[in-house]
Amino acid sequence: MPRMEPFATSIFGEMSTIAAETGAINLGQGFPDTDGPDEIKMVARAAIAEGKGNQYPPVHGLPDLRAAIAEHQERFYGLRVDPATDVVVTTGASEAIQSALLALCDTGDEVVVFEPWFDIYAVGIALANATRVSVPLRPPAFRPDIDALRAAITDRTRLLLLNTPHNPTGVVFTPEELQAIADLAIERDLIVISDEAYEHLWYDGHPHVPIATLPGMAERTVTIGSAGKSFSFTGWKVGWATGPTDLIRAVRAVRQHLSFVSGGPFQYAIAHALRMPDSYFEDFRHGLQEQRDILTSGLRELGFHAVESEGTYFLTTDLGPLSDYPDALTAARELPHRAGVVAIPLQVFCDHAGVGERALRWAYCKRPEVLREALGRLTALA
């Protein structure tokens, strides 16, 4: 399939291979190096032992998990969704995104996405045989450019794919930015897929605001969530989508023909996790904020200019002491050999020159001692 040829290899796979070959510390891939709470594991173990979920769970997700997702949306955001019709459980947030793109796009439709974009967005748009239209986040702060967004929308635009807290930049869109985006979506009658996998990972007074909470947006927004990111069990691959009945019906129709079902015992565990007290989410966020600060201050001391990470697992910097390389991709490929650390080049997530050509993404969802070891290795760049 020619349209899929550009996606035959992944930058994450390439850099992880280099990390393994060189013994480098992998600050490229966004997964924690510690597990989530033991009490969540205990629920999964008990479900397996009791034979709950060891066979196919219900096709759209365990009813109790769908109820817990609906409770979560109302508890944190005041959004009311019917667990029977407005929620679907997926094999990770990735499947939710791909299912929504396949369900809601036709051949030739345009999907507008801010760049740098997460790589699976480009893959999903290509799979749907739609057209990707990228709108650059304005460097060096990587804020959304509303005028550029307005100019990118045409009569062929069907869908806006939004991600906040934003991977890879670490930016959290402000309520004012989201309102401007919502105004355009309503004016041009667009569907919004809102990837909110990092919804609980925001820092320093930059709270996450779901775009579905804004007037006129709940009826046109499919919201994506991720248990892996919120509870540090990325290998369990439990995600979900919520939204109006007609849009979720379409997502369900596609999703059931992809993985069909998955993760039965883990669905019981995530239902429990979503009902954990506010203190869990606050402590989790504060712990990651401390790890962010370790990496940010350390990279700055080494000569990198770091954009303040407002959310997610990720920190964006310039090339700093690697500035003699022609671009970020070259620098990222050489970094493991020179210093024993892996980072991801932003340019591979961009269509426009000058947006990510000289920017690196670093993951700080690692133990403090691992981050300090990585920073120690990076002193070799001096």
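Tutor: Here are some questions and answers about charged pairs in this structure.
This is a predicted model, in which local features need pLDDT of at least 70 and side-chain atom pairs count only at pLDDT 80 or more, while totals for chains, interfaces and linings use all residues. Residues are numbered from 1 along each chain as its sequence is written, and side-chain values use heavy atoms, with hydrogens and water left out.

Student: Why is the pair Arg143 and Glu177 called a salt bridge?
Tutor: A salt bridge needs a side-chain nitrogen of Lys or Arg within 4 Å of a carboxyl oxygen of Asp or Glu. For Arg143 and Glu177 the N to O distance is 2.7 Å, so the pair meets the rule. A search of the whole structure finds 22 salt bridges.

Student: What makes the pair Arg143 and Glu177 a tie between separate parts?
Tutor: Arg143 sits in the loop between strand 4 (131-136) and helix 6 (146-152), and Glu177 in helix 7 (residues 175-187), so the pair ties together parts that are 34 residues apart in sequence. Helices (H or I, at least four residues) and strands (E, at least two) are DSSP runs, numbered from the N terminus.

Student: How do you know whether Glu177 is buried or exposed?
Tutor: Buried means under 20% relative accessible area, exposed over 50%, and partly exposed in between (1.4 Å probe, protein chains only). Glu177 has 14%, so Glu177 is buried. Arg143, with 15%, is buried too.

Student: Which other residue forms a salt bridge with Arg143?
Tutor: Glu310 does, with the closest N and O atoms 3.2 Å apart. Glu310 lies in the loop between strand 9 (306-307) and strand 10 (314-317), so its pairing with Arg143 ties together parts that are 167 residues apart in sequence. Glu310 has a relative accessible area of 12%, so the label is buried.

Student: Where do Asp147 and Arg150 lie?
Tutor: Both are in helix 6, three residues apart, about one turn of the helix.

Student: Why is Asp147 called exposed, and what is Arg150 called?
Tutor: Asp147 has a relative accessible area of 56%, so it is exposed. Arg150 has 42%, so the label is partly exposed.

Student: Which residues are linked in a network of salt bridges?
Tutor: Asp33, Arg367 and Glu369 are linked in such a network.
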